[in-house]
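Here is a friendly walk through parts of two protein chains. Have a look at the picture, then read on.

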Amino acid sequence: MSTATTSFFEPASVTSSGRPVLHQAEVECHLLSPVDLETEPTTTATTTINSLDFPALKSGLGILTTHRLLWLPSNATTDSSSPISIPLSSVTHIFSPKKSIKSMFHSPRIRFQVSMHSRSVVVTLVIRGKGDIDGFLTKFWDCWRGRAWEIGNDSGGGSSSGSVPVSGSVSGGGLYSSDGSVRLVGVSGILRKEQEMWESTDKSLQEAFHDLNALMRKAKEMVILAEKMRQKLLSGSSSQSSSGNDEEMGSKEEMQDWLLSVGIVSPVTKESAGAMYHQQLSRQLADFVRIPLEKAGGMINLIDIYCLFNRARGTELISPEDLLQACSLWEKFDVPVMLRKFDSGVKVIQNKSHSDEEVFARIKNLVSKPEALRSGITASDAAMTLGIAPAMAKEHLLSAESKGLLCRDISPDGFRFFINLFPEINSDDIHIELFSHFTQSAIKCQSNLDRPGFKVALRRDDRKRAIQKSLLGLFCNGWNFQPDSDTDPDPGLSSLTLFCVRWNDTDKASSSSAIHYTSTL
Amino acid sequence: MQKLGDFKLPQFFNYPPYFTLQPVRDTREKQVQLWKELILDYCRTQKIFVIGLEEEFPLFSNHLIERSLSNEAREAFLSVLVSEGRAEWLDRGHRKCLILWHRIQDWADILLHFVRDNGFEDSVMTVEEIRTGVESRGTELHGIDRTILMRALKLLEHKGKLAIFKGTSADDEGVKFSV
């Protein structure tokens with residue numbers, strides 16, 4: 001079925017979250033759902049048209065862009081039809097809507113002629129749901145006559161040669177301005193008042209739109225300029241890489257990153273998406289967060305995403321409320337990211353594949369280091385090790401604490417975390433246990449005062465657990481230990497080197513007392 | 001081994017989180033358990049009967065690691081002792097706590113043993129004599145808190161083992177044993 005669909009129409013690619021993949025400089029203008037796409041061969045065209053070439057495309061999402069008309073199945077997982085696209089360049093005629101009594105009872109339809117692959121068909125767009133049909137038709141006309149695809153091709157070639165062509169004859173370049181359907185207060189309200197003034201004189205209105213169109217064209221120039229700057233930086237860094245110092249290189253790379261992250265070319269707006277605004281925004285956000293999420297190690301603060309997303313959108317800013325709503329809609333879609341709320345109320349975005357276990361393992365590793373055993377770790381220590389923001393690191397530490405991995409220490413020094421030894425503490429008396437384990441083993445102490453450490457030889461039959469408990473006993477009494485290797489002492493181990501550092505004093509005197517301490521055992 | 005006077009402190013006394021009230025349930029339970037045992041152990045060996053929350057109490061701070069228990073933590077640990085019958089608040093404001101390292105019933109048994117061992121089965125003693133007299137010297141009763149002693153005596157009176165009566169001086173009471 002899907003192969004048949006593509007025989008006439010071009011297939012359209014979509015992202016994993018179901019958003020269309022747009023071409024360069026392509027901008028979405030209007031969305032309608034649900035719509036059917038019906039095709040009927042024109043009588044004058046080729047006589048043998050296989051009905052399989054034109055399967056019924058029922059109740060999907062219709063997206064009008066500056067370059068194409070896209071039809072996406074409403075549910076990608078269950079629908080057998082695949083997304084298709086009709087380039088506006090192949091539209092040869094748009095029929096005016098027929099006004100008849102019959103049409104009042106029908107679903108609204110928009111008919112247009114498409115000729116591709118030396119065949120010509122009449123396509124009917126049937127709008128099943130409620131939607132701004134007139135608005136859609138106006139946009140359709142605007143985009144079709146705007147011939148954005150031609151401008152895009154020209155400027156693509158022009159950026160390399162350095163000249164910026166501006167086609168002055170284009171009348172329908174204005175995408176967001178021509179319908180005047182501003183429904184907002186505040187600055188927008190003032191704009192609307194302004195507009196009402198304009199409407200009093202038809203002539204000045206025309207002029208005003210002319211200005212806006214000019215502005216839009218200027219915006220395009222700016223994009224081309226930014227692209228050129230990036231190209232220049234790229235070529236510059238490669239040629240000067242031998243002479244330029246690292247700092248300069250760093251700032252250049254940063255600059256490139258900025259330029260690269262500026263563009264969401266076609267942000268989903270309330271105006272273009274209408275009732276499907278949040279749904280489409282949600283999908284676009286899911287696509288957008290993938291890269292920042294990768295950089296942040298699988299989890300990112302919602303506030304950070306809010307900033308990044310809005311910066312990428314440029315002027316079409318969204319409110320925090322919209323962002324939250326977009327995130328909460330992810331549950332309904334098949335997207336690889338999710339919104340997570342920590343017990344403390346902090347909200348983050350994380351990959352579905354992100355596992356706390358991995359983070360916990362790294363935290364455990366961190367708190368098991370000799371220095372951390374002695375004085376604990378702070379959120380910023382964890383942040384540096386994990387390469388994430390301190391606020392996020394604290395959330396990880398708190399959840400590790402609630403899992404019983406860590407415990408807290410609040411003192412005038414601040415809020416620190418220690419490895420949780422409470423379950424290991426034997427309240428009867430560790431001392432006795434330690435004593436018995438060490439006396440059962442043949443203990444040989446090798447004193448080395450230069451390096452505060454001593455070697456304990458253990459008999460082969462000592463169990464791993466026993467060794468650990470013994471070490472723990474030492475630790476609890478104010479000594480830190482570090483086995484020979486970073487791994488746990490293995491059951492067949494014959495000797496361990498213990499580096500002893502006493503809490504709050506690390507001088508030689510304490511190391512000598514360390515040796516004294518064990519030899520009394 | 002760190003010591004507090006002649007009291008041997010446990011190993012975990014130098015573990016800084018031991019001095020911060022742990023919010024996680026399992027960890028807290030273990031912490032409370034350790035503190036309970038340490039407080040009772042310390043009070044028994046040092047013959048301490050009353051802990052004042054606002055007064056300096058050597059067990060509640062560790063100068064070596066510069067940590068001390070917050071008032072909230074102190075009250076939390078003592079409250080657990082109270083709920084298990086091993087301590088009692090002496091005032092409504094929870095500022096003073098009576099530590100019962102022996103329960104009242106156990107104190108009463110100790111008292112009976114003392115009476116039998118010394119042949120006081122039908123004798124008369126004053127309360128002060130029991131606490132500070134020559135006979136009790138060397139026993140656990142020596143220097144016992146008056147409140148605890150009176151509670152133990154009342155328990156035995158209730159069982160008919162003795163009778164308490166007003167003594168000649170206003171501030172002392174007599175006890176007539178009839179074991």
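Just after helix 15 of chain A, A:Gly387 takes a positive phi of about 70°. Helices (H or I, at least four residues) and strands (E, at least two) are DSSP runs, numbered from the N terminus. This is a predicted model, in which local features need pLDDT of at least 70, side-chain atom pairs count only at pLDDT 80 or more, and totals for chains, interfaces and linings use all residues. Residues are numbered from 1 along each chain as its sequence is written, while chains are lettered from A and ligands numbered from 1 in the order in which they are written.

Which residues of helix 15 of chain A are buried? In this helix, residues 379-386, they are A:Ala379, A:Asp381 and A:Ala382. They lie on the same side of the helix because they cover an arc of only 160° around the axis, taken from the directions from the helix axis to the C-beta atoms. Buried means that 20 or more other C-beta atoms, placed from the backbone, lie within 10 Å of a residue's own. The buried residues of helix 15 pack against helix 13 (356-367) and helix 16 (390-402) of chain A.

Now for chain B, which has 5 helices and 10 strands. Of its 179 residues, 28% are buried. Strand 10 of chain B has these antiparallel pairings (two strands pair if DSSP finds at least two bridges between them):

Key:
A residue is buried if 20 or more other C-beta atoms lie within 10 Å of its own, exposed if 12 or fewer, and partly exposed in between; C-beta atoms are placed from the backbone. Two residues are in contact if their C-beta atoms, placed from the backbone, lie within 7 Å.
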